[in-house]
Amino acid sequence: MTKTFTPPNQKNVSKTETNEPSNQPDQHFYGSIKQQLNKLYREPSEETITKILNYAKKR
Amino acid sequence: MGLIKHTPMRLQQVSDQDLVKLYIGGDESVIEELLRRHKSKIFTSIYLLVKDQYLAEDIFQDAFIKVINTLRSGRYNEEGKFLPWVMRIAHNLVIDYFRKEKRTPTITSADGTDVLNLIQVHEESAEERMLREQTHVDLRKMIHHLPDEQKEVLIMRHYADLSFKEIAELTDVSINTALGRMRYALSNLRKMMNVKEISVSRS
């Protein structure tokens with residue numbers, strides 16, 4: 001009877017615990033565009049922040 | 001000068017959970033620190049979903065008012081993390097907005113295969129043509145043209161810094177589905193960049 005062999009490092013590995021896409025080309029691509037993606041960060045206006053802070057202080 | 005730049009050092013070392021407890025306990029000033037920590041992540045995520053600065057401001061404000069009201073009412077679940085919780089509130093407000101306006105955020109496509117046909121949306125003005133020269137403008141447009149599910153995961157993963165587990169919970173899908181959507185999003189972005197001949201190293 002033929003037995004299948006599973007390498008030890010592949011045992012008990014839950015794919016659901018992965019926190020990053022496993023596809024290597026996409027992963028590499030993601031790493032290469034992170035800087036560009038970061039340039040799209042925006043801030044809310046100070047007016048909006050002030051309104052929130054004022055609201056937070058009203059009890 | 002920024003309104004929330006001068007947070008006392010001691011608050012910067014306090015966890016989100018402890019800041020929340022301080023607020024519930026009556027220290028209103030800690031909201032400033034929570035905003036300082038998370039405003040960019042939350043605001044950028046909202047903005048990229050709604051594509052409008054003023055609308056994003058309104059939704060951001062409404063989200064934090066809901067946060068404050070929930071904390072005051074004692075309904076906050078301490079088991080949850082603060083950022084994913086606020087993102088869930090913001091996400092729901094975005095969905096409510098689109099439902100109310102009976103608008104579709106962008107183009108939906110089950111597998112993303114038709115995305116390349118959807119890049120041209122309207123005639124560009126001279127100003128838009130100039131802006132288009134900038135890679136970050138192109139990139140933003142490309143993100144906007146991703147199918148909604150893919151865009152959502154990309155934004156929540158990259159900008160809101162949520163884990164795939166948190167994204168899966170927030171969007172009510174399995175972790176593998178969230179991971180798959182991220183892969184499709186990256187794959188489609190890469191295709192769109194190839195079509196536009198944008199180098200990823202261009203700044």
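Helix α2 of chain A meets helix α4 of chain B through A:T48, A:K51, A:I52, A:Y55 and A:A56 on one side and B:E57, B:F60, B:Q61, B:F64, B:I65 and B:I68 on the other. Two residues are in contact if their C-beta atoms, placed from the backbone, lie within 7 Å. By class, this contact has seven nonpolar, two polar and two charged residues. Ala, Val, Leu, Ile, Met, Phe, Trp, Tyr, Cys and Pro count as nonpolar, Asp, Glu, Lys and Arg as charged, and the others, Gly among them, as polar.

The model is predicted: local features need pLDDT of at least 70 and side-chain atom pairs pLDDT 80 or more, while totals for chains, interfaces and linings use all residues. Residues are numbered from 1 along each chain as its sequence is written, and chains are lettered from A and ligands numbered from 1 in the order in which they are written.

The axes of α2(A), residues 46-57, and α4(B), residues 53-73, come within 10 Å and cross at roughly 15°. Axes are lines fitted to C-alpha atoms, for helices over the stretch in contact, and angles run from 0 to 180 degrees between N-to-C directions. The two helices are therefore roughly parallel (angles under 35 degrees).

The whole contact between the chains takes 30 residues from chain A and 34 residues from chain B. On the side of chain A, the elements giving two or more residues are α1 (24-38) and α2. Helices here are DSSP runs of H or I with at least four residues, numbered from the N terminus. The largest share, ten residues, comes from α2(A).

Key
Angles under 35 degrees count as roughly parallel, over 145 as roughly antiparallel, 65 to 115 as roughly perpendicular and the rest as oblique.
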